[in-house]
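Hi,

Here's the structure I said I'd pass on.

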Amino acid sequence: METMTILKNIYHHAWFPRFFFKKFDGGRDSGVTGYFLVEFKPLFSIGLLHFKNGSRDNYHSHAFNALTWFLMGKITEQKL
């Protein structure tokens, strides 16, 4: 296996902490851009999420608990 492919597989593995990066949450067409200071999926993530208008008007069965501070805008959230 090529060295770069191996390194990419390690970097994108859930058990590998990543620092200072940008990614599209839900793919490029989701309307949500994440700017992360750190993401270590088994434990925690610290980042800023930018939601474009109408980008998350749907139900997510895989949601998780979070401490959230809204910098601006408004949102209606329901916990089922």
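I started with Phe-44: at 42% relative accessibility, this residue counts as partly exposed, because the partly exposed class sits between under 20% (buried) and over 50% (exposed). Keep in mind that this is a predicted model.

Phe-44 lies in strand E3, and Phe-44 also belongs to a nonpolar patch on the surface, along with Phe-19, Phe-20, Leu-37, Leu-43 and Ile-46. Together these residues have about 690 Å² of accessible area. Two elements give two or more residues to the patch: strand E1 (18-24) and strand E3 (44-51).

On to the fold around it. The 3 strands make an open sheet, ordered E1-E2-E3, with antiparallel pairing. E1 and E3 are the edge strands, each pairing on one side only. On average, neighbouring strands in this sheet are turned by 15° against each other, direction ignored.

For the E2/E3 side, strand E2 covers residues 32-40 and pairs with E3 in the antiparallel sense over 8 bridges.

Over in strand E1, take a look at Arg-18. Is that residue buried or exposed? Arg-18 counts as buried, because its relative accessibility is 10% and the cut-off for buried is under 20%. The side chain of Arg-18 is joined to that of Glu-39 by a polar contact of 2.6 Å.

That's what I have so far.

Cheers

Terms used: Residues numbered from 1 in each chain as written. Predicted model: local features only at pLDDT ≥ 70, side-chain atom pairs only at ≥ 80, totals over all residues. Heavy atoms only, no water. Patch = residues over 30% accessible without salt bridge, like charges linked within 9 Å, V, L, I, M, F, W, Y side chains within 5 Å. Areas by Shrake-Rupley, 256 points an atom, 1.4 Å probe, with all protein chains shown as cover. Salt bridge = Lys/Arg side-chain N within 4 Å of Asp/Glu carboxyl O. Helix = DSSP H or I, 4+ residues; strand = E, 2+ residues; numbered from the N terminus. Buried < 20%, exposed > 50% of the residue type's maximum accessible area, 1.4 Å probe, protein only. Pairing = 2+ DSSP bridges. Axes fitted to C-alpha atoms, helices over the stretch in contact; angles between N-to-C directions. Polar contact = N/O pair within 3.5 Å; in protein donor to acceptor, adjacent residues only side chain to side chain.
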